[in-house]
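This report describes selected sites in one protein chain, together with its overall make-up. The sequence and structure are shown first.

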Amino acid sequence: MTEENFDAIVIGAGMAGNAAAYTMSSRGMKVLQLERGEYPGSKNVQGAIMYADMLEKILPDFRDDAPLERHLVEQRFWMMDDSSHIGMQYRSDDFNESRHNRYTVIRAQFDKWFSRKVREAGATLLCETTVTELVRDPKGKVIGVRTDRAGDVILADVVVLAEGVNGLLGTRAGLRDTPKPETVALAVKEMHFLAEEVIDQRFGLKANEGCVIEAVGTISRNMAGLAFLYTNKESISIGIGCLVSEFAATMESPYELLEKFKSHPSVKPLIAGAEVKEYAAHLIPEGGYKAIPQLFGDGWVVVGDAAQLNNAVHREGSNLAMTSGRIAGEAIVQIKNRKKPMVKENLSLYKSMLEKSFVIKDLRKYKDMPALLHTNSRNFFTTYPRLLSQAAQNFVRVDGTPKIDKERATTATFIKARSRWGLFGDAVRLARAWR
């Protein structure tokens, strides 16, 4: 291996790494992909949403054999207090189209399938291989890597870092700062197994239809957090995540938050009788546009979670990962075809192409939203959910109290909230951040 040079080395075999490796391999480049896990997806005990449009640009016929769980026809949003939720949902038969828009997937299975496609395109994959160091020439250009396999040096024209948000390689090499606790969320998740027909019945689904529930409120105990529930064919992925900085400040237990969400009266009936087989924790980039590090340099580019490319406002990650990996691969192919060196000036093409895509445009649009939600987390995730629950109960409970008295009580509660917690100010700031 030490005597062999590659056109590109891709570090990581997740969504971004596979997208980059496939894009380059399928266009004739000699690519080596290195994965520290036993196999691609072995470290992803995770149910997730996969966005068809982004994968279709890489593998147009993926629906023929990809391990897809359910296509999503319904999205529910819940704002919860301790005993209730106020919900909004959207369901459309339009999503039963022949080429479905979104799917739930189980990453351990999906990543393994994606990796097989990468190898079929011609890439070489080495698993159980940890990259310990980026190798540089005397001028500082990255020219390869060193691994834990007897310290061998593997040379390449360019290295693509797709090592995930907590990857240490780029940090140790000085290519990016260590992600700050306030820009990274820790999510914990379980897989609850139920018969397919039971899931269909509980969620009103049929014929591989799927439903997603996303929830905020008192379940995160004053922290900025999101809980979720995804329906798979014969399992339900359920979890919750909050910022690492807030876990550290409050000393709350992620597992206890998940237990609280699972035992909530709105959630408990949906998972009753399920067999829990898997539990996992996962770090997610939450810093948004302002947390994006340098994306390229002499002999290297960074993609996916390692580049903080995650849209926390719209809960989108895999589509940004796949798109950034594809665009990085396309940029590298263009540079190679022009017979140009993989230096910083030429690799800036990757950033230019990425900025023209939805990835950077969306992150830039909502650049102030993460900070707003995190700074005012007690208001958005505790106070307002309780106020809305109280107002809703006043509206629907019939107990002999005159409606005019209930309306006055509700109005007085919101006036009090406006002065005590800055409801009006929060609404204005939220509108500005969303604009």
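## Aromatic residues

The structure is a predicted model. In this model, F110, W113 and F114 belong to one aromatic cluster. A search of the whole structure finds seven aromatic pairs. One of the pairs is edge-to-face: the ring centres of F62 and Y103 are 6.2 Å apart and the ring planes stand at 90°, an angle over the 60 degrees that this class requires. This pair links distant parts of the chain, as F62 and Y103 are 41 residues apart. F62 sits in the loop between α2 (52-56) and β4, while Y103 belongs to strand β6 (residues 102-106). Both F62 and Y103 are buried.

W113 and F114 also form an aromatic pair, but this one is tilted, with 6.1 Å from centre to centre and 40° between the planes. W113 has a relative accessible area of 5% and therefore counts as buried, the limit being under 20%. F114 is buried as well, with a relative accessible area of 0%.

## Overall make-up

The protein has 435 residues, and 52% of them are buried. Its secondary structure comes to 15 helices and 17 strands.

Taking the contacts between residues at least 6 apart in sequence, 71% join residues at least 24 apart.

Which side chain of opposite charge is nearest to E69? It is that of K233, 5.8 Å away. A salt bridge needs the charged atoms within 4 Å, so E69, though buried, has none. The side chain of E69 does reach the backbone nitrogen of K233, at 3.0 Å.

E69 is part of strand β4 (residues 68-80). Leaving aside residues up to four places away in sequence, E69 touches T104, V105, I106, Q109, N208, N232, K233 and E234.

## Glu209 and its surroundings

E209 is located in strand β12. With a relative accessible area of 3%, E209 is buried. Its contacts, not counting residues up to four places away in sequence, are with R70, H71, V73, R91, N96 and G204.

E209 can also be placed relative to D93. The two residues are 116 residues apart along the chain, and their C-alpha atoms are separated by 9.9 Å.

N222 is not a glycine, yet its phi is positive, near 75°. N222 lies in the loop between β12 (209-217) and β13 (225-231). Is N222 buried or partly exposed? Its relative accessibility is 31%, so N222 counts as partly exposed, a class that runs between 20% and 50%.

Q308, likewise a residue other than glycine, has a positive phi of about 60°. Q308 is found in the loop between β17 (300-302) and α9 (318-337). At 4% relative accessibility, Q308 is under the 20% limit and therefore counts as buried.

Note on methods. Residues are numbered from 1 along each chain as its sequence is written. This is a predicted model: local features need pLDDT of at least 70, side-chain atom pairs count only at pLDDT 80 or more; totals for chains, interfaces and linings use all residues. Side-chain values use heavy atoms; hydrogens and water are left out. Helices (H or I, at least four residues) and strands (E, at least two) are DSSP runs, numbered from the N terminus. Buried means under 20% relative accessible area, exposed over 50%, partly exposed in between (1.4 Å probe, protein chains only). Lys and Arg count as positive and Asp and Glu as negative; His and the chain ends are not counted. A polar contact is a pair of N or O atoms within 3.5 Å; within protein, one must be able to donate a hydrogen and the other to accept it, and residues adjacent in sequence count only if both atoms are side-chain atoms. Contact means heavy atoms within 4.5 Å. Rings of Phe, Tyr and Trp (its six-membered ring) pair if their centres lie within 6.5 Å; planes under 30 degrees apart count as stacked, over 60 as edge-to-face and the rest as tilted.
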